[in-house]
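I opened this notebook to keep track of what I looked up in one structure. The entries follow the order in which I went through it.

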Amino acid sequence: MPKKILIVEDSPSIYMIMEYILKKLGHCYKTVTTGEAALKILDQFKPDLVLMDIMLPGTMDGIETATHLVELNIPFIYSSAYTEDSIIQRAKKTNPMGYIVKPFRLENAKINIEMAFYKIEMKKRLDREIHDRERAFTELKRVNEELQHFTFGASHDLQEPLRTIMCFSELLLNKHSSENYSDIPELTQYIINAAKRMQDLIESLLSYSGLSVKKKSFQWVNSKIIIDAAIANLNGMIDEKGAQIKCYEDLPDVYGDKNQLIELFQNLLSNGIKYCTNGHPTILVSGETLEDSWRFAIQDNGIGIESKYHDYIFKLFKRLHQPGVFPGSGLGLVICEKIVKRHGGNIWFTSKPGEGTIFYFTLLKNMENNHAENQCDSD
C-alpha cells in the first residue's frame, strides 16, 4: 500500500535520489528544504514517514525539527553525512526510526525506508495489543468487582427468606404436633411469601447475570414500539394500581438490543407504579435527539428519592426499604444501569421526596459503528 513520505533536504542531488527511490517503491512524496517548511506542510500532507536531513538552512536544524515530529507522533529517519558522537547523541534522544549516512547507496536507502515502515507497523500492532489487553484487564477487574458484590449480596439476601422459611416451618411443625391448627394458614402464608421473595430474587439475579452472556444483535427500532411492549408486559400492574402512562409523540428511532431496551423501560415504569402510595400513579415518558445521543426521561408522581441515595440505588442488593414493604428484588435499577452502559449511555435521576422522581438515561448514537467494529474484531 503506497505511503506518504515527506523529504526534508536542502541538497538537490540528495533529494532527487530520494525521490527516485520513493517513486520506484510506489510511494507518494513531497520535498521541502527547511525545517520551518516541513512543519507548515504537516497538517496538509499528513506524512506516514519523514526523511530528515540534520544540517538545514533556516533557524531550525533537522534534530530540532524532529522534536516537533515526536510531539505529533510522526516517525522519521535521519539522513546526514555527520557521524560525530555529539550529533549522534543528540539524534538518539529523538528516537528516530533509522539513520542513513550520506553519501548512501540506493539499495541501502531502500532497505532503511522499508525497515522503517516494518517497525512502524510492528509498533502499531504492539500498541493495539497493549490497548486490547488494557481494555481486557479493565473489563476483568470490573467483572471481578461485580462478582464480589454479587457473591456477598446473594449470600446475604438469599439467607433472609431462607431463615423465614425455616423459622415458620418449625412453628408449623410445633402447631401441628400440639394439634392447634388455627394459626397454620397464616404461618403457611409467611412461608409462601418468603419463597416468593427468594424466587423473585433468583429471577432478578439470572436476569442480571444474563446481561453479560445473552447479548443479542443491535438493530434499529422505534422507541415507541419498545415502550408499548414494556407497557403491555405491565398490564396487570397498571390495571391493579389504576396507573396512567403517557408518552410524547415523535419518539426517536434508536439503535440497540431490543429486548434489553424493553426491560430497561419496563423496570423504570414499574418503579413509577410501584412506589406511588398516594393516589393513582401517573407517568410521563419523553425522548429527544441530542447531538451524539438520544435522551429519555420517565417522570412519576411517586414517593421520591433523597439525593443522598443517588449512587446507592444503582448498587447490587442495595434497597431503600425493608423487604416486604414494596415488592421486588431491589435489582431493577442495577439492571437498568447495566443495560444503559452497554448502549454507551448514562442513567441518573432528579427527585424530591413526596413529589416524585424523573429518571433520565442516554443511548449513544454511534453504537452502530462500534457494534460493526466489534463484529469485525470477533470475526
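**Entry 1: salt bridges, a network**

I first wrote down what counts as a salt bridge: a side-chain nitrogen of Lys or Arg within 4 Å of a carboxyl oxygen of Asp or Glu. I also noted that I am working with a predicted model. With that cut-off, the structure holds 11 salt bridges. I then asked which residues are linked in a network of salt bridges. I found Glu 9, Asp 53 and Lys 102 linked in this way.

I moved on to helix α5, which covers residues 106–177. Here Glu 114 and Lys 110 meet through their side chains in a salt bridge, with 3.3 Å from N to O. The two residues are four apart in the helix, about one turn. Glu 114 is partly exposed at 39% relative accessibility, and Lys 110 is partly exposed with a relative accessible area of 26%.

I noted a second pair in α5, Lys 123 and Asp 127, again four residues apart, about one turn of the helix. Their salt bridge has its closest N and O atoms 3.1 Å apart. Lys 123 has a relative accessible area of 45% and counts as partly exposed. Asp 127 is partly exposed too, at 38% relative accessibility.

**Entry 2: the five-stranded sheet**

In which order do the five strands of the open sheet stand? I read the order as β7-β9-β10-β12-β11, with mixed pairing. The edges are β7 (244–247) and β11 (347–352); each has a single partner strand, so one side of each is left without a neighbour in the sheet. Neighbouring strands are turned by 15° against each other on average, direction ignored.

I then went through pairs of strands. β7 and β9 (residues 282–289) run parallel and are joined by four bridges. In this pair, Ile 245 has Ile 283 of β9 as its bridge partner. Strand β10 (residues 293–299) runs antiparallel to β12, with seven bridges between them. Gln 299 is bridged to Ile 358 in β12. β11 and β12 are also antiparallel, over six bridges. For Trp 348, the bridge partner in β12 is Tyr 360.

I checked the turn between β11 and β12 too. This hairpin has three residues between the strands, and Gly 354 there takes a positive phi near 85°.

Is strand β12 largely enclosed or left open by the rest of the structure? Seven of the nine residues of β12 (residues 356–364) are buried, so the strand is largely enclosed by the rest of the structure. Buried here means under 20% relative accessible area.

**Entry 3: Arg 342**

I looked up Arg 342 in helix α10, residues 332–342. Is Arg 342 buried or exposed? I found a relative accessible area of 18%, so Arg 342 counts as buried. The side chain of Arg 342 is joined to that of Gln 260 by a polar contact of 3.2 Å.

**Entry 4: Ile 74**

Ile 74 sits in the loop between α3 (62–71) and β4 (76–80). With a relative accessible area of 13%, Ile 74 is buried.

**Entry 5: a nonpolar patch**

Last, I turned to the surface. Which residues form a nonpolar patch there? I noted Ile 17, Tyr 20 and Leu 106, which together have about 260 Å² of accessible area. Ile 17 lies in helix α1 (residues 12–25). Ile 17 is partly exposed, with a relative accessible area of 30%.

How values were computed
Residues numbered from 1 in each chain as written. Predicted model: local features only at pLDDT ≥ 70, side-chain atom pairs only at ≥ 80, totals over all residues. Heavy atoms only, no water. Pairing = 2+ DSSP bridges. Axes fitted to C-alpha atoms, helices over the stretch in contact; angles between N-to-C directions. Buried < 20%, exposed > 50% of the residue type's maximum accessible area, 1.4 Å probe, protein only. Patch = residues over 30% accessible without salt bridge, like charges linked within 9 Å, V, L, I, M, F, W, Y side chains within 5 Å. Areas by Shrake-Rupley, 256 points an atom, 1.4 Å probe, with all protein chains shown as cover. Polar contact = N/O pair within 3.5 Å; in protein donor to acceptor, adjacent residues only side chain to side chain.
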